[in-house]
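Open the model in your viewer and keep the selection panel at hand. Each stop below says what to select and what is there.

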Amino acid sequence: LADEFLKAEPVIKSIEEAGFEAYFVGGSVRDTILGLPIHDVDIATSAYPEEIKEIFNKTVDTGIQHGTVMVLDHGEGYEITTFRTESTYQDFRRPDHVEFVRSLEEDLKRRDFTINALAMTHEGRIIDLFDGLQDLENHIIRAVGEADERFNEDALRMMRAIRFASQLDFSIEEKTTIALKKHASLLKKIAIERIHIEFVKLLLGKNPKTGLQHFMTADLARYCPEFDNYMSELTNMAYLDSIKLSSEAAAWSLVIHVLKVSESDISHFLVAWKSSNELISNVQVAIRALNSILDKTIDRELMYETGLELLLTANEIATIFNRNIPIEILESDYEQLPIKSKKEMLVNGGQLIKEVGIQPGEKLGRILATLEHQVLMEKIPNESTQLLKLAERLASELD
Ligand code: ATP
Ligand code: MG
């Protein structure tokens, strides 16, 4: 058993000693069987939240309304969730209410896919009520029970199906695929933030092509923000063979590039997807750099403004089209910039005010920007006496 499970063993044992059942469930069980690294271990139990809180000294109510209590043990936190069923989904999004139950089977039944409906005891024995092990072995995503019903209950599961197909490089079982097509329009009911998360996981997965193919053939794309105007470009994207992406900014930069969204429309497009301001700004910067890499006009000013991280992001997209700069060259060109940011300048505004007597204001800003540019272009060394002298000259010229 992986360390993460061994560490949590005493927690499970304490629950069992109090007379309840407790199991590892969800992604960690799936990933460990696949031999993948695991992130967080989720524990499910027959004990009710109040009962869990009686067993352990230190707990935090992280999601008590869904039955989740965080138990703190030896500096680690473990999410313990009471077995539950979810009933009467009226708006295709969230269960009306959760009902706590004592039966593991009931809990596993409400999970999305067979590979996510496995439970594991602290000794490592797998409980497999829906042939999830066989599906894991055959690399298949299959809804638990009737796919039709399951997508009807919660339409986000459709996005989860295609993101797992990409992340794990699995295929989607036939009835589940048919249900995707049938219920695609229910995606309209799902909060865009949640679709966003799944779509990014899809793009960052091992086989985005598989996920994107389902995204298009099931017509899920049509029910996502902005995408209905770009169906043919998205289809092109679904045929790209070499998508390999390592960040959310890279994922969206690829989308923006393939869909040919103009620089002035990037913000509007990403706002429609409920993106953070930070993401929007990173994509704008990366796209500018990407265009300059593609048309071979990249220069040191743009490298400086972009920064290494987003340069590598842009280059990642260029790589998909075999038009990248070799990474060693990009990195060494960047390393050779005399300064990497304003902060590395050996004079600052305060000094110019005190030592050259320039008043704070627009003129000061212009002088600082000129100094920065001169240093970047190696017209002058980054050295304070020389910079102060130049500042003095600029100040008198500007008077
Ligand atoms: P990841 O590696 O992305 O965390 P995961 O399988 O752990 O994958 P989570 O979103 O963390 O996914 O959910 C944990 C478990 O909860 C899933 O394995 C699944 O059993 C269940 N689950 C999560 N979301 C749903 C859903 N929308 N419908 C049904 N079951 C779900
Ligand atoms: Mg998880």
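Start at aspartate 40, which counts as exposed because it has 11 C-beta neighbours inside 10 Å. The cut-offs: 20 or more other C-beta atoms within 10 Å of a residue's own make it buried, 12 or fewer exposed, and anything in between partly exposed, with C-beta atoms placed from the backbone. This is a predicted model; local features need pLDDT of at least 70, side-chain atom pairs count only at pLDDT 80 or more, and totals for chains, interfaces and linings use all residues. Residues are numbered from 1 along each chain as its sequence is written, while chains are lettered from A and ligands numbered from 1 in the order in which they are written.

**Stop 1: the two aspartates.** Aspartate 40 sits in the loop between α2 (27-33) and β2 (42-45). Helices (H or I, at least four residues) and strands (E, at least two) are DSSP runs, numbered from the N terminus. Now select aspartate 42, in strand β2. Aspartate 42 is partly exposed because it has 18 C-beta neighbours inside 10 Å. Beyond its neighbours within four places in sequence, aspartate 42 contacts Val25, Gly26, Ser28, Glu79 and Thr81. Contact means C-beta atoms, placed from the backbone, within 7 Å. UniProt lists Asp40 and Asp42 under "binding site" in an unreviewed entry. Such annotations may be inferred rather than shown by experiment; positions follow the numbering used here, and feature names are shortened.

**Stop 2: ligand 1.** Which residues are around ligand 1? Select Gly26, Gly27, His39, Asp42, Arg111, Asp112, Asn116, Ala117, Asp154, Leu156, Arg157 and Arg160. A residue is included if its C-beta atom, placed from the backbone, lies within 6 Å of the ligand. Colour the shell by type: 2 nonpolar, 4 polar and 6 charged. Ala, Val, Leu, Ile, Met, Phe, Trp, Tyr, Cys and Pro count as nonpolar, Asp, Glu, Lys and Arg as charged, and the others, Gly among them, as polar. Helix α7 (residues 156-168) gives the largest share of this shell, 3 residues.

**Stop 3: two loops.** Select histidine 74, in the loop between β4 (68-73) and β5 (76-82). Its phi is positive, near 50°, in a residue other than glycine. Histidine 74 is exposed, with 7 other C-beta atoms within 10 Å. Move to lysine 296, between α14 (277-294) and α15 (300-306). Lysine 296 is not a glycine, yet has a positive phi of about 55°.

**Last stop: residues 244-390.** Over this stretch the chain is 65% helix and 0% strand. Its end C-alpha atoms are 47 Å apart.

Technical notes
Two residues are in contact if their C-beta atoms, placed from the backbone, lie within 7 Å.
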